[in-house]
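Q: I have a chain open on my screen and want to go through it. Can you take me along it piece by piece?

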Amino acid sequence: MVSEKNTKITITLDASNWQTPKDFYVDYCASTRAPKWFGNNLDALEDSLRGGICELTPEKIIIKNLSKKIIGLVGEKFFTTVNSICLDNSVELEIYFEFI
């Protein structure tokens, strides 16, 4: 039996209903099959991108339906930091904006 632990994948997160960073983590944890004890913070995100914490480790994260309103709710600094963490860990980050 082959273990899926640390399997590299592309995950797609739909930001259309996000209001706080917690909403990002809920989607991220579901997509990566994170353990219940996952920290839901930027340090935990960085640790998980290095592998070994979640069942699936993203090599690419796609965030779709991001809007100016959602950036305002969740925080521009949060998205900037997520981008930096991805860059530092060689994880590709694609963001698709929703224009309304």
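A: Read along the sequence, the pattern is β-α-α-β-α-α-β. The chain's radius of gyration is 13 Å, close to the 13 Å that the globule rule gives for 100 residues, so the chain is as compact as a globular protein of that length. Keep in mind that this is a predicted model.

Q: How many helices and strands does the chain come to?

A: Four helices and three strands.

Q: What box do the C-alpha atoms fill?

A: Roughly 45 × 25 × 20 Å, taken along the principal axes.

Q: And what percentage of the residues is buried?

A: Buried residues are 40% of the 100 in the chain. The accessible surface is about 6100 Å², and carbon and sulfur atoms account for 51% of that surface.

Q: What share of the contacts joins residues at least 24 apart?

A: 67%, counting contacts between residues at least 6 apart in sequence.

Q: Helix 1 next. Which of its residues are buried?

A: F24, Y25, Y28, C29 and T32. They cover an arc of only 125° around the axis, which puts them on the same side of helix 1.

Q: What do those buried residues pack against?

A: Strand 1 (7-14), helix 2 (42-49), strand 2 (56-66) and helix 4 (76-88).

Q: Which exposed residues are on the face turned away from the buried side of helix 1?

A: K22 and A30 are carried there.

Q: What span should helix 1 have, going by its residues?

A: Helix 1 has 12 residues (21-32), and at 1.5 Å a residue they should span 16 Å. The end C-alpha atoms are 16 Å apart, which agrees.

Q: What follows helix 1?

A: R33, with a positive phi near 55°. That is a positive value in a residue other than glycine. R33 is in the loop between helix 1 and helix 2, and it is partly exposed, with a relative accessible area of 40%.

Q: Where is N40 found?

A: In the loop between helix 1 and helix 2. N40 counts as partly exposed at 38% relative accessibility.

Q: What does N40 touch, not counting residues up to four places away?

A: Y25 and C29. Both of those are among the buried residues of helix 1.

Q: On to helix 2. Which residues are buried there?

A: A44, L45, E46, S48 and L49. The buried residues of helix 2 pack against strand 1, helix 1, strand 2 and helix 4.

Q: What does the side chain of N41 reach at the start of helix 2?

A: A side-chain oxygen of N41 comes within 3.0 Å of the backbone nitrogen of D43.

Q: And just after helix 2, which residue takes a positive phi?

A: G51, at about 100°.

Q: Strand 2 has K60 in it. What does the K60 side chain make a polar contact with?

A: The side chain of E94, at 2.8 Å.

Q: What else is K60 in contact with?

A: Leaving aside neighbours within four places in sequence, the contacts of K60 are I9, T10, I11, V91, E92 and E94.

Q: What is phi for N65?

A: Positive, about 65°, although N65 is not a glycine. N65 is found in strand 2 and counts as partly exposed, at 24% relative accessibility.

Q: Last one, helix 4. Which residues are buried?

A: F78, F79, V82, I85 and C86. They cover an arc of only 120° around the axis, which puts them on the same side of helix 4.

Q: What is on the face turned away from that side?

A: The exposed residues E76, K77, L87 and D88.

Q: What do the buried residues of helix 4 pack against?

A: Helix 1, helix 2, strand 2, helix 3 (68-74) and strand 3 (92-97).

Q: What span should the 13 residues of helix 4 have?

A: 18 Å, at 1.5 Å a residue. The end C-alpha atoms of helix 4 are 18 Å apart, which agrees.

Q: And which residue follows helix 4?

A: S90, whose phi is positive, near 55°.

Terms used: Residues are numbered from 1 along each chain as its sequence is written. This is a predicted model: local features need pLDDT of at least 70, side-chain atom pairs count only at pLDDT 80 or more; totals for chains, interfaces and linings use all residues. Side-chain values use heavy atoms; hydrogens and water are left out. Helices (H or I, at least four residues) and strands (E, at least two) are DSSP runs, numbered from the N terminus. The expected span of a helix is 1.5 Å times one less than its number of residues. Buried means under 20% relative accessible area, exposed over 50%, partly exposed in between (1.4 Å probe, protein chains only). The arc is that of the directions from the helix axis to the C-beta atoms. Contact means heavy atoms within 4.5 Å. A polar contact is a pair of N or O atoms within 3.5 Å; within protein, one must be able to donate a hydrogen and the other to accept it, and residues adjacent in sequence count only if both atoms are side-chain atoms. The radius of gyration is taken over C-alpha atoms; the globule rule is 2.2 Å times the number of residues to the power 0.38. Accessible areas come from the Shrake-Rupley method with a 1.4 Å probe; for residues, only the protein chains shown count as cover.
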